[in-house]
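Q: Can we go through this one together? I'd like to start with the packing and then move on to the ligand.

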Amino acid sequence: MADTFLALRQNIARVRERISRAVERSGRDPSAITLLAVTKKFPPEVIRAANELGLCAFGENYVQEFEAKAPAVRSLSSARFHLIGHLQSNKARRAAELFDVIQTVDSPKLARRLNEAGRLLDVMIEVKLSEEETKHGCPPEAVGEMAAALRECPHLRLTGLMTMPPWSDDPEAARPYFRRLREIGERHGIPGLSMGMSHDLEAAIEEGATCVRVGTALFGPRPRVEPDSLERHTLE
Ligand SMILES: *Cc1c(COP(=O)(O)O)cnc(C)c1O
């Protein structure tokens with residue numbers, strides 16, 4: 001774990017450097033950008049190590065996977081946990097108990113279920129900007145309606161929009177999607193924008209991201225394991 005701790009420290013420094021260069025180029029305020037460390041498929045020790053190295057925001061994709069890790073990380077008082085994977089309404093109550101932020105609200109029904117859990121949550125609307133059938137999210141033309149539904153929910157606080165452009169290894173290919181998300185946010189008066197990952201965070205920041213979701217650039221390639229066998233693996 002000692003070597004991996006050093007490697008993680010270096011990776012965090014590199015990512016922070018990339019973020020600050022992009023922030024400088026675009027004349028933005030560095031404090032306006034949250035580095036969300038995406039820890040899906042990694043064991044809880046990785047979250048603990050990253051928190052010790054100063055990271056406070058963590059993104060997980062699966063309710064069940066995080067349910068297994070939560071007991072080991074709940075005591076980290078500075079850590080906030082974001083759900084960034086698709087959420088089914090039947091898991092909404094559990095998700096509301098486990099996470100502090102739900103970035104993937106994409107239907108009024110899901111919003112109602114989360115609200116019914118009764119815990120104060122920050123939420124984002126996931127917007128589907130690509131034509132890919134596999135992508136979840138609210139269609140751009142329904143964002144206004146979705147925002148109105150969320151504003152009716154006393155336990156939910158709408159803080160932003162989130163999107164996932166179609167995969168491409170060319171970061172510039174994502175830029176038009178990032179710009180589009182910003183325009184939708186402006187139109188509806190929604191300030192936060194969760195967009196950009198390991199390979200395209202610069203373009204996202206230049207287009208106005210307030211949260212970049214970074215996995216691989218911090219932790220290396222994800223282990224190919226089932227969530228319930230995670231404890232047998234450590235950081236590569
Ligand atoms: C896995 C994941 C990420 C992180 O991707 P990397 O390329 O590893 O940085 C970001 N956002 C979402 C929604 C993800 O599922």
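Q: What kind of model is it?
A: It is a predicted model.

Q: Fine. How many residues are in the largest nonpolar core, and which have the most contacts inside it?
A: That core has 67 residues, and Ile 102, Leu 114 and Ile 125 have the most contacts inside it. Helix α1, residues 2-25, gives the most to this core, with six residues.

Q: What is Ile 125 in contact with, leaving aside its neighbours within four places in sequence?
A: Its contacts include Gln 103, Val 105, Cys 138, Leu 158, Gly 160, Leu 161, Met 162 and Ile 190. Val 143, Met 146, Ala 147 and Leu 150 are also in contact with Ile 125.

Q: And the second core, which residues does that include?
A: The second core is separate and has seven residues, among them Val 38, Ala 57, Met 124 and Met 162.

Q: Let's take α5 then. Which of its residues are buried?
A: Leu 110, Ala 111, Leu 114 and Asn 115 are buried in α5. Seen down the axis, the buried residues of α5 fall within an arc of 135 degrees, so they line one face of the helix. Leu 114 is also one of the residues with the most contacts inside the largest core.

Q: And the packing partners of α5?
A: The buried residues of α5 pack against α4 (92-98), β4, β5, α6 and β6.

Q: What follows α5?
A: Gly 118 follows α5, and its phi is positive, near 85 degrees.

Q: Which non-glycine residue has a positive phi?
A: Lys 41 has one, of about 75 degrees. Most residues other than glycine have a negative phi. Lys 41 is found in the loop between β1 and α2, and at 24% relative accessibility it counts as partly exposed.

Q: Thr 39, where is that, and is it buried or exposed?
A: Thr 39 is in the loop between β1 (34-38) and α2 (44-52). Thr 39 is buried, with a relative accessible area of 0%. Beyond four places in sequence, its contacts include Ile 47, Phe 58, Gly 59, Glu 60 and Phe 219.

Q: What about Gly 59 itself?
A: Gly 59 lies in strand β2, residues 57-60, and counts as buried at 0% relative accessibility. Not counting residues up to four places away in sequence, Gly 59 touches Thr 39 and Lys 40, as well as Leu 36, Ala 37, Val 38, His 82 and Ile 84.

Q: On to the ligand. Which residues come nearest?
A: There are 13 residues around the ligand, and Lys 40, Asn 61, Ser 198, Gly 215 and Thr 216 come nearest.

Q: What polar distances are there?
A: A polar side-chain atom of Ser 198 lies 2.5 Å from a ligand oxygen atom. A side-chain N or O atom of Arg 213 is 2.9 Å from a nitrogen atom of the ligand. For Arg 222, a side-chain N or O atom is 2.8 Å from an oxygen atom of the ligand.

Q: How much of the ligand does the protein cover?
A: The protein covers 91% of the 390 Å² of accessible area that the ligand has on its own.

Q: Last one, Arg 175. Buried or exposed?
A: Arg 175 lies in helix α7 and is buried, with a relative accessible area of 14%. Its side chain makes a polar contact of 2.8 Å with that of Glu 206.

Key: Residues are numbered from 1 along each chain as its sequence is written. This is a predicted model: local features need pLDDT of at least 70, side-chain atom pairs count only at pLDDT 80 or more; totals for chains, interfaces and linings use all residues. Side-chain values use heavy atoms; hydrogens and water are left out. A nonpolar core is a set of buried Ala, Val, Leu, Ile, Met, Phe, Trp, Tyr and Cys residues joined through side-chain atoms within 4.5 Å. Buried means under 20% relative accessible area, exposed over 50%, partly exposed in between (1.4 Å probe, protein chains only). Helices (H or I, at least four residues) and strands (E, at least two) are DSSP runs, numbered from the N terminus. Contact means heavy atoms within 4.5 Å. A residue is near a molecule or strand if one of its heavy atoms lies within 4 Å of it. A polar contact is a pair of N or O atoms within 3.5 Å; within protein, one must be able to donate a hydrogen and the other to accept it, and residues adjacent in sequence count only if both atoms are side-chain atoms. Accessible areas come from the Shrake-Rupley method with a 1.4 Å probe; for residues, only the protein chains shown count as cover. The arc is that of the directions from the helix axis to the C-beta atoms.
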